[in-house]
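Please look through the model below, and then follow the text as it moves from the chain as a whole to particular pairs of side chains.

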Amino acid sequence: MWLLLLLICGFCCRGPAFAQNGSLTSHRNIGLLPSDCSALLNRILGGNEADLGEFPWLAALIYRSPKGQLGFLCGGSLINKRYVLTAAHCLLPGSSGNTLIGVRLGEHNTATPIDCNSDGECSDHPVDLGIEEVLPHPEYDSRRSSQFNDIGLIRLNSDVPYTDYIKPICLPLEEPLKKSFKGEILFAAGWGRTESDSQSAVLLKVSLPGVPVEACRKVYGSMDQPIGTSQICAGGEQGRDSCRGDSGGPLMTADSSGSLVVSGVASYGNNVCGKKGWPGVYTRVSYFTNWVLESLKP
């Protein structure tokens, strides 16, 4: 539904995180999450190109159009060797007729087979994987204006080979369910629409201010779109936003150790990306962590 708008339009151990919620500590699938995940926050200041390998969990979802053309229309986050977290609306058939056929990991610039930075560092070839199963949240209903429960999982058809450029991100297991994020800076990344093109070939990143749910309700209430506690709002600054094509991608925050966790999943926003006073709406991952754990298989 919507990717990153450019300017205008160390690994964490999961151990301490589980101490916050006893019900998750003893979950039978807790061992399916990686022991090392995420990376330290690194210089995310505005809407610009991400560093090579800065977000090794970023996934680009591959779709085939009715005419057979391939494209990246949604994003996602690798959370273990077999699962990608994304938005439910990215997994269900839409009116466009595009079909989800795969997931690309380890990508930076979709226009080049090998990506290198100015220091001469080059990444590995990106890896394309097939899909064994898609799991949209069972209570998601695309016909509802609220877009509540817009979260889902992709089970890949084989284990992911971890590299310096492909690694999972941590779930927000220490994050309070009703955290407002007021006064905090959150981070988004993706290959979505920019001010000059319908899609960016290179991975972009942007920092966004957190917006309390109460303030977000006042904005979207004018469009008869309710905002609930299972959602997070961020942005609302002129020209700084996620945008079409970023749907399903992560909204990231830094935990107490400075490591990034996936706090939100990009869901929807104003039809005009980066419009002042209109924050983007993200599914709150902490609200659905138990569902995610219940859904995982070895």
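What percentage of the 298 residues in the chain do buried residues make up? In this predicted model, buried residues account for 57% of the 298 residues. The chain exposes about 12600 Å², and carbon and sulfur atoms supply 52% of that area. Its secondary structure consists of three helices and 18 strands.

We turn next to the disulfides. A search of the whole structure finds four of them, including one that joins C74 to C90 with an S to S distance of 2.1 Å. This link is left-handed, with -80 degrees about the S-S bond. Because C74 lies in strand 6 (residues 70-78) while C90 lies in the loop between strand 7 (83-86) and strand 8 (99-105), the pair ties together parts that are 16 residues apart in sequence. C74 has a relative accessible area of 6% and is therefore buried, and C90, with a relative accessible area of 2%, is buried as well.

Another of the disulfides is formed by C216 and C233, whose sulfur atoms are 2.0 Å apart; the link of C216 and C233 is left-handed, with -80 degrees about the S-S bond. It links distant parts of the chain, since C216 is in helix 2 and C233 in strand 14 (residues 231-235), 17 residues apart. Both C216 and C233 are buried.

The disulfide that joins C116 to C122, with an S to S distance of 1.9 Å, is right-handed, with 105 degrees about the S-S bond. Are its cysteines buried or partly exposed? C116 has a relative accessibility of 44%, so C116 counts as partly exposed, and C122, at 36% relative accessibility, likewise counts as partly exposed.

Because Y220 lies in helix 2 (residues 213-220) and Y268 in strand 17 (residues 260-268), the pair ties together parts that are 48 residues apart in sequence. Y220 is buried, with a relative accessible area of 0%, and Y268 is buried at 3%. Ring pairs also bring in W278, linking Y220, Y268 and W278 into a cluster.

How values were computed. Residues numbered from 1 in each chain as written. Predicted model: local features only at pLDDT ≥ 70, side-chain atom pairs only at ≥ 80, totals over all residues. Heavy atoms only, no water. Helix = DSSP H or I, 4+ residues; strand = E, 2+ residues; numbered from the N terminus. Buried < 20%, exposed > 50% of the residue type's maximum accessible area, 1.4 Å probe, protein only. Phe/Tyr/Trp six-rings, centres within 6.5 Å; stacked < 30°, edge-to-face > 60°. Areas by Shrake-Rupley, 256 points an atom, 1.4 Å probe, with all protein chains shown as cover. Disulfide = S-S within 2.5 Å.
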